[in-house]
Amino acid sequence: MGVSRRKFLQGGVLAAAGVALSGKPGEASVDSPDIRTKGAKVSTTICPFCSVGCGLVVHTKNGKVINTEGDPQHPINQGSLCPKGGALFQIANNDRRLQKVMYRAPGSDKWEEKSWDWALDRIAQRMKETRDKTFKVKEVNKKDNKEYVVNRTDGLAFFGGAGLDNEECYLWSKFGRAMGVGNLEHQARL
Ligand code: SF4
């Protein structure tokens, strides 16, 4: 005897309802394992990938990230995440992640490991050299051919990122302006 599609679906729904009613509410199956986040420390953070700024809940055990998921209490995303944000735990748990400063000198074909102090001094030194070389006090405006005080450098550019919070963005842009940098951008706009 043939079974129509409608009868088949009706049978499936009744079977599922029977299974659901046979268990006691809230009672886990004897075979179900503990959820992997049981006993983990819970923290919240912001996704660093784009300017939407979705909130996440992070579970850690023994100092290691074991799970990340959308924060249902965050007003921006209310628990949802895009695929990039959904894979955020891979940033923390990734043996290909660089955790040390690697430097390749101009013209060299190999990378050298350096300290953070070395890198910060080097960045400061190169910023100062570039600024000194390219700083303009005055510039002629092409529209009216008059000279104006500009006090800026076009030799440097500043990039912000979505990992920065409001206050950090404020300080970053103030620092850029104080250096005379006019080219300030954000990673998410590029
Ligand atoms: S990358 Fe995705 S999850 Fe991250 S802030 Fe942007 S939209 Fe949200």
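Visitor: Where does Arg177 lie?

Guide: Arg177 sits in helix 5 of this predicted model.

Visitor: How many other C-beta atoms lie within 10 Å of Arg177, and is the residue buried or partly exposed?

Guide: Start with the cut-off. A residue needs 20 or more other C-beta atoms within 10 Å to count as buried. Arg177 has 13, so it is partly exposed. Arg177 and Asn151 are 26 residues apart in sequence, and their C-alpha atoms are separated by 10.0 Å.

Visitor: What span should helix 5 have?

Guide: Helix 5 covers residues 166-178, which is 13 residues. At 1.5 Å a residue, helix 5 should span 18 Å. The C-alpha atoms at its ends are 18 Å apart, so the two values agree.

Visitor: Does helix 5 lie in the open or is it buried, and what number of its residues is buried?

Guide: Check each residue against the burial cut-off. For helix 5 the number buried is zero, so the helix lies largely in the open.

Visitor: Which residue with a positive phi follows helix 5?

Guide: Gly180 does, with a phi near 85 degrees. This glycine lies in the loop between helix 5 and strand 8 (181-186). Gly180 is partly exposed, because 18 other C-beta atoms lie within 10 Å.

Visitor: What does Gly180 touch?

Guide: Skip the residues up to four places away in sequence. Then Gly180 touches Arg131, Phe135, Asn151, Arg152 and Thr153. Take Arg152 as a case. Gly180 and Arg152 are 28 residues apart along the chain, yet their C-alpha atoms are separated by 4.1 Å.

Visitor: Which residues other than glycine have a positive phi?

Guide: Asn62 is one of them, with phi near 50 degrees. Asn62 is in the loop between strand 2 (55-61) and strand 3 (64-70). Asn145 also has a positive phi, about 60 degrees, without being a glycine. Its loop joins strand 6 (135-140) and strand 7 (147-160).

Visitor: Is Asn62 buried or exposed? And Asn145, buried or exposed?

Guide: Count neighbours again. Asn62 has 7 C-beta neighbours inside 10 Å, so it counts as exposed. Asn145 has 7 as well, and therefore counts as exposed.

Visitor: What surrounds the ligand?

Guide: List the shell, then sort it by class. The residues around the ligand include Cys47, Phe49, Cys50, Cys54, Asn77, Cys82 and Lys84. By class, the shell has seven nonpolar, three polar and one charged residues.

Visitor: How many helices and strands does the protein have?

Guide: Five helices and eight strands. Walk along the sequence and the pattern reads α-β-β-β-α-α-β-β-α-β-β-α-β. Of the 190 residues, 7% count as buried. Now take the contacts with a separation of 6 or more. Residues 24 or more positions apart account for 38% of them.

Visitor: Where does pLDDT stay under 50?

Guide: Begin with the average. The protein averages a pLDDT of 86, and 82% of the residues score at least 70. Over residues 18-23, pLDDT stays under 50. The model has zero contacts beyond four places in sequence for that stretch.

How values were computed. Residues are numbered from 1 along each chain as its sequence is written. This is a predicted model: local features need pLDDT of at least 70, side-chain atom pairs count only at pLDDT 80 or more; totals for chains, interfaces and linings use all residues. A residue is near a molecule or strand if its C-beta atom, placed from the backbone, lies within 6 Å of it. Ala, Val, Leu, Ile, Met, Phe, Trp, Tyr, Cys and Pro count as nonpolar, Asp, Glu, Lys and Arg as charged, and the others, Gly among them, as polar. Helices (H or I, at least four residues) and strands (E, at least two) are DSSP runs, numbered from the N terminus. A residue is buried if 20 or more other C-beta atoms lie within 10 Å of its own, exposed if 12 or fewer, and partly exposed in between; C-beta atoms are placed from the backbone. Two residues are in contact if their C-beta atoms, placed from the backbone, lie within 7 Å. The expected span of a helix is 1.5 Å times one less than its number of residues. pLDDT is the predictor's confidence in each residue, from 0 to 100.
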